[in-house]
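Hi,

Here is the structure I said I'd pass on. Have a look, and then read my notes below.

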Amino acid sequence: VVLDVFDSAFLKWNAPRWVVRLGQRLSYALPKKILVTDEERAALMPAYTHSRLAIVPNYPFRYDGPVHKRDPQVVCILHAGSLMERRGSAFLRELLAVADDVRVVMAGWIRDELTKELSQHPRVEWLGTIPQHESIEQATRCDFILCHYPPINQNNIYASPNKIYDAIQAGTGIIINPEARISAFVRQHGMGVVLDAYQPADLKLVARQLREFKAAYHPDPKLREEFVWEKVEPLLLAAHGAPGKN
């Protein structure tokens, strides 16, 4: 048995510690291997699991599809995935209200009424649900992908979103709040705009930062070769006891 802990319920539960520990003991007893997405998530796992952990990062396949021109007159943001008020929809609604040059492309699963209303905004393009490769294609015509995580539980704080690596493949910037620890990776590689907080103090300043980043950004081609699924697929095969590809 191989257990893939890609989105841990134990990091979301607001339950007594003994309940969480019992749930972990039961869940982690059987698997021969337990997969997590990065080293920080590995460190959150109980010590008795560490000898069975394998880290398989959340990288996408290499993207070799169409690359679209970006409109120099606007700041275009891709809002994709599980779409809800607390995961970026409220932030975008407020940003649209203070910056006339902001445009939004939305794709994914609408989870609440505010997000549904956002999808009908005159400066929002709603695409419905689309495949992963098409999401990256849409990102090539956007200036940013939004990663906005409310710091309400460890699962959000330690999020390891594939959007970060999609952005690398698309040559697109990232918008992320600093409470998400992956924001350090974005800052380290100069990949986008790290907000001052989950709820920024000055959205007009944010809009200006986005314009300035867009004007100056030059993606690092080395990152595009490093953070791809082909590099880490052997780790997944090994966890299942399968032979690697020739």
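Predicted model: local features only at pLDDT ≥ 70, side-chain atom pairs only at ≥ 80, totals over all residues.

Numbering starts from 1 along each chain as its sequence is written, and side-chain values use heavy atoms, with hydrogens and water left out.

The largest pocket holds about 1,100 Å³ of space. A pocket here is an open set of points on a 1 Å grid over the protein atoms alone, where a 1.4 Å probe fits, with protein on both sides within 12 Å along at least five of seven lines; lining residues have an atom within 4 Å of a point. Its lining has 43 residues, and Phe6, Asn58, Ser160, Pro161 and Asn162 are the closest to the centre. β4 gives the largest share of that lining, 4 residues (strands are DSSP runs of E, at least two residues; helices are H or I, at least four). By class, the lining has 22 nonpolar, 13 polar and 8 charged residues.

The second largest pocket comes in at about 290 Å³. Of its 17 lining residues, Thr37, Asp38, Glu39, Tyr165 and Ile182 lie nearest the centre.

As for serine 8, you'll find it in the loop between β1 (2-4) and α1 (17-28). Serine 8 counts as buried because its relative accessibility is 6% (buried means under 20% relative accessible area, with a 1.4 Å probe and protein chains only). Leaving out residues up to four places away in sequence, serine 8 touches Tyr28, Arg41 and Asn155 (contact means heavy atoms within 4.5 Å).

Cheers

Note on methods: Points joined across faces, edges and corners; volume = space filled by probe spheres on them. Nonpolar A, V, L, I, M, F, W, Y, C, P; charged D, E, K, R; others polar. Buried < 20%, exposed > 50% of the residue type's maximum accessible area, 1.4 Å probe, protein only.
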